[in-house]
Structure formats: C-alpha cells, structure tokens
Amino acid sequence: MYWGTAALQFVPWREFAYVQLEQGVLPLWNPLNGMGAPLIANYQTAFFYPPTWLTIFGHWLAGAPGIAWVYTLLVALHLVWAGAGMAALLRSLGAQPFGQAIGGLAFGMGGYLVARASFFTMVWVGAWMPWILWAASGIASPFSGRAEKKRYFWLVIFTGLMLSAGHAQLSWYILLFAAFWTLFGALKHFSFKKVITSMFLFAGLAAAGALLAGVQLLPTLEYLLQSQRADAYEFTQAMTYSFWPWRLLTFLNAEMFGNPGLGDYWGYAAYWEDAVYIGIIPLFLAISSLGGLFRKSRRPHSAGFAFLWAIGLVGFIFALGNSTPLFPWLFRHIPSFDLFQAPARWMLWPVASLSILAGLTADAWSRPQGRALYLTRLGVAGSIAVFSGALIGSLMLPELKPGLMRAFMIFAAMTAAFCILSLTLPKEAGPERQRWFLAVVTILSLDLAGAGLFLNPFIDAHFYRPEVLSNAQDFKSGRVFISAEDEYELKFGKYLRFSDTRYSSEYNDIRADMIPNLNLLNGIPSANNFDPFVPARYDAWLKAVNEIEADRRDPYLATMGVKAVIQLREGFSSDVRILELEPAQLIESRPCIQSVQNETQALEATLKKILAGNSDEQCIIIEASKAPLDEEYAEETLVTEVETGGYWIKFRIDSDQPAWMRIGMTWYPGWQAEVDGDDTPVYHADYVFSAFRVPAGSHEVMFRYRPVSIIAGAAISFAGVFAAMLVGWFCNRTRNREAASSNNNTEA
C-alpha cells in the first residue's frame, strides 16, 4: 500500500528507525525532517505497538519495500481481528454463530475501517474496539448483569495495546463508548453503590492499561505540550471533515457519490472520512430491532437495544460537527472536544452500534407472514423496478453524476437479495437452514468486498527502494525546502487527489519531488515535515517564512540550512533550483549575542536581523536574561572532527576566546550540551534553534538528545506490567475460588 500517509509517513518513519538501529543508534530523533524532530515520541509511529514489530522482518528481508509489504499484511490481519472481536463480543451477549458472522463482517469489512486502511494507526486502534467492549462487559453490560472478573485482566491488556497503537482520537472515542457501555450496564442491573464501584473499577483498569503504554504515552505527552497542538485546535481547522449529512445515503450503498478508487468520486471532502457502509443485510437487521422498542411486550434485550440506538444517535450528532450548533458549543465549553479535528470520526459509534444490533437481531430473522409477507414481496418488485430504472438512466442520461446510477443498481440488487432471502428462509433447523446461513454470509461478504475493493490502491514494491532517486547524493549537503503552497499543490493536486485515488504514471515522480517524508528513504535532509505533531516554534517559524515573498525568501532559507528548493511550475511539473547562496552550517559560531525577554521578541528580532544581511557578523538572539553578555567572544573558531549520529553531534573546537555555538536544528527539551564532559546550559537561539557557550581553549563538545520522558515512560510501563500481573493474579485467584466453591456444591 502507498496512498497518503502509508508512503508519506509510516513506511519512511519505520525504515529510518530500523536503519538507525542497525547503526547502533536509538531512533529517538529524526534529524532529516523539519530541521530535526522527535521520532519515537511521534505517537503515530506506534513504535512500541507489538504487532508492528513484525515489520522488522520485512526490513531484514527487503528494506523499505519489505516494511511496506508487512504493513499491508497487518492491515488485513487487523481487519480480521476487528471482525473476530465483534464476533466474540456478540457471542458473549448470547448471539449464535450466524449473528456473530453478520456482526463481525459488518464491522471488520465495513467501510469505516476499510476506507481508512492507508491510515494504518486508525485501523490498528479501531480493531480493538469490540475487544475493549468484550472485556468491559466483565464489569457490567447493557445486556447482562453477570460480572466476569476474569475479563479484568484482558481489559488492562487490550487497553494498553490500543493506547500504544498510535491514534489518540479513536482511542478516546472507544474508551468513552466503553465507559458509557459499562455505566448503562451497571445502572440497569446494579444498585447505586455498585454503579459507583463499577465505574471506579473501569477507570482503574483502563488506567492500568495506560500505564502499560507509558513508554509511548509519556514522550508523546511531552511532544504534545511542545507542539503546535499544545493549545486547542483553531475552530475552523477542527471542524474540517465534519460529517456531510447527505452521506447518510451511503448507508444504503457506499457509492452514492461515486468511488475515488474508480476515479469518479464527486461528494464533499474526503471519501474515507465519511465512509460508513456496513452492508444492506446488517443495516436492515439493525433497523428491525427498532420494532421491539415500541411494543408493550418488549424483547429481553430491549434496554440494550435502546442504549445502542441512543449512543449511535449521539455519535452521529457529534459527527455532524458544525452542521449543528451542538458540537461548536461542546467544542468551546467541554474539555476534550477541542483536541481533535474531523468530527466525522465520531461515526465510529453508530457503525459499531449498528454492527452489534445486526448481530443480535440476526438470530431472530424469520420468514415474513401476513402484512410483512406482502411488504417483502413488494420489496422484491420495487427493487427490480429501481434496478431497471437506474440501468435505463445510466444508458439514457450520461450527464448524471458518475456512480449514482451504479449505486442505485447495487442497492436495488442487495435489497432484492435481502427480501428473497427472507422469503426463502427455512422454517425448521437442519442442513437446509445451514445452507441458507451460508448463502446469507456469502452474499454479505461479496457486498462488502465489492464496496471496498478499489478503495486502497497498490503499487510495485520497487517504489520504496532508495535507488529510485539517482541524484540523491547531490542534496545531502543541505536541506530541501518546498513552500507550503507548492507542497499542498504537489500532494493534493498532483498526487493525492481526493476524487481519484487510482495509480497513475505521475506517481513515478513523487520520489523525485521529495515530498516529505519520502526524503527519509534516501537520507535527504528536508526543512519540511509532514507529521501530525511538529514543535510549536518550528511551526511558527515556517509559517513566518512562507508569508515572505518567494523572491525575498533566500536569506531565511539559508539560515535554515536549505540548499535546494522544490518549485512548482505550471501544470504541476516540478523543478529543482539550487540556491546561489551558501546555506548555513549545522554548527556555527557568532561573535556576540543579543538577549531578549520572550519568544515573540525573539522571532521579530531574528527575522529583522536576517533581513539586514551580513549574517556572519550578526549576534545570536538568546532568550535568557542570565546569559553572559559582557564578555568578548571569538570572531572565528576552528571546528574540527565533526561526527553526527541520529541523536548526537560531536566535535572539537579551538578558540582563543569564549565562543557561542549555534546548532542549526530545532530546539527541543532533552538536548544537552557537554564541554569536556561538563554540562553547559542550552538556550533558545534565533527563536527556533539551540545555542550554548564554550569557554576559550581547545575542547571536545558533545551535543546529544537525552529525553527523560523515554526513561520515565519505560519505568511507567514496567509499573503497568506489575499492575497487569496483579490484576491477573486477582482474576486467577477469583477463578480458583469459584471453581472450589462449585466443587463443594457438587459434592454436597
């Protein structure tokens, strides 16, 4: 797989990390993107998510192409795991194998996960949702009041795995769903005191799971606080990808607004953000559960059905985002709603609810009688009429929107299939009914497979090989830069078009255009960084540089160590321009420093001094009132024996006077400077970089990244392992006690 973040993030991140490990370097830092940025702390790398460790075998066998192949395999395995989890959940709720198959297929092969398959971490996290609900049901469930303490251990394990899988937004939505699931179950079956106990128990077990993922979560938290997303999302940005209400029609057929995999998507925004199709058969079965809610003689699961419909409706309303006044109000007043963009992702709630409802009602599917028989036969006739009309329309009215008539034909065919299956359902159990079950599952599988068949394009594995770019060596002495406007046009205008995700020959140029973060595969430094988190100062600096007119941007780019600029010519063809000026070196000394009070002043002063020119004579802008200002500093220093690793820089310096050294890499907490083994303070320099003072004489200097968050996170994970073992011991002890009690009762 290659489309979108598969090629631009996941494969390059993982390949770079493994290359670093082979060189004996921990992949803590990415020096090749954004003038340097944390790597492991980047949550979506999911470096500590155990299933992704299989990619190391792909790397050993074939490098980046092997990693890409294993990632593609992991997508399939996680979709299977999602379906198996839904089947296990339904089995625990009393569904028979037929209902388990219906619900499992609806969730595991449904559009919500399949359409997002190139966004690996969303699939990783989403696959754990039914398993989390299965484990939480051991505390309380809307369908059962029986507590099963043996599931407590699995709630810890599953929560830890989900939280290490790399997508905070879906993890939060799943934990909220599970919390409401547990709360409603406790309210339905237990006393008020037991409700409080149940919720504290759920929170404690989920917290223990979070401890397991501490080695990932703590560095990520540090990165979040240092990133452009430390504050809430800006409202307009957060409302991006609100669920388009018309896409509700895609519950009837996934292609109502075309299919990007066929090149004819014409709906609003990105197809995958609003993908919700679960199949016609599960949809109709789920809708049938509404009948029992309004009858006087309610079904045994009526309260549970009501809960699922209610929470599904809430998720849908939230997903509408700025289409209603509710979500904007929640965004401004309720914590957590302002942390994420794309409200459409709340559709996970209704998709999961409908899948569960379909599985629970499937076993009650019966041959229609009376008025229902008449309506079912009418449904067959109506479906044939709709199919015929859509077919004629597609032939006679070519000006209709692409895919619309195709969608109506598929919808009519599947509706007819549902009605015919209902009319032919055997009344008695036996081989005939088993064959009927098999026919239903086969038709549903074909329906869902057809809906998702073209959504995730593939490419030859050679695409990921480093030697694709023949002139890579020419750019390694400086950074590459693409303006924000050109980067957007290249990514979403030339390559990643939302309306057409099919492979085209244009993709042969994407490596040469060095779209971030594909540059990692060739070891080319880039001033750009396509990551969900970037350091806040880097983000502000890049925005300031992009606001400068292109013909006046060179001195600022030189300060960033940029050697080449990717420029977009008319027609979305790219060209590489080599700058006339010499880019700033990674390690530079300056004859003086200028102290400012805060980061706003630092940004203004840095931009002003670059505009003034004569960069070799300019002072370093330092944000520290205690920095020694009155000393005389060396005009020139001799820097020799420079060695660099993934997260360290080592060099020697000779100077007759004290010197200020500026490191042309993004400042980030955890970087430490040592002069002859002694620590020296590191300051913000020129707003976005780092600087430190070196005394006169000949010295060995080590500048390296030592994040305390990684060590502390590892300690927290060890505590999580201990907590999981403690919960496991408690569950085993309880199980043995129950077994002993059962044996005593039998003997009595």
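1. The lining of the second largest pocket draws at least two residues from each of helix H1 (5–22), strand S6 (587–590), strand S9 (638–645) and strand S10 (648–655). Helices (H or I, at least four residues) and strands (E, at least two) are DSSP runs, numbered from the N terminus. The model is predicted, with local features needing pLDDT of at least 70 and side-chain atom pairs counting only at pLDDT 80 or more, while totals for chains, interfaces and linings use all residues. Residues are numbered from 1 along each chain as its sequence is written, and side-chain values use heavy atoms, with hydrogens and water left out.

2. The volume of this second largest pocket is about 920 Å³, and 38 residues line it, with Leu 32, Lys 476, Pro 525, Leu 586 and Thr 644 lying nearest its centre. On a 1 Å grid over the protein atoms alone, a pocket is an open set of points where a 1.4 Å probe fits, with protein on both sides within 12 Å along at least five of seven lines, and lining residues have an atom within 4 Å of a point. A volume is the space filled by probe spheres set on the points, which are joined across faces, edges and corners.

3. Strand S10 pairs with S9 in the antiparallel sense over six bridges, and with strand S16 (residues 697–705), again antiparallel, over eight bridges; two strands pair if DSSP finds at least two bridges between them. S9 and S10 form a hairpin with two residues between them. Leu 638 has Asp 654 in S10 as its bridge partner, and Ile 649 stands opposite Phe 703 in S16.

4. In a regular strand the side chains alternate between the two faces of the sheet. For S10, the covered face holds Ile 649, Phe 651, Ile 653 and Ser 655, whereas the uncovered face holds Trp 648, Lys 650, Arg 652 and Asp 654.

5. One disulfide (cysteine sulfur atoms within 2.5 Å) is found in the whole structure: Cys 592 and Cys 619 have their sulfur atoms 1.8 Å apart. Cys 592 lies in the loop between S6 and strand S7 (593–595), and Cys 619 in the loop between helix H23 (599–612) and strand S8 (620–622), so the pair ties together parts that are 27 residues apart in sequence.

6. Glu 273, in the loop between helix H12 (235–238) and helix H13 (280–288), counts as buried because its relative accessibility is 4%, where buried means under 20% relative accessible area with a 1.4 Å probe and protein chains only.

Notes. Buried means under 20% relative accessible area, exposed over 50%, partly exposed in between (1.4 Å probe, protein chains only).
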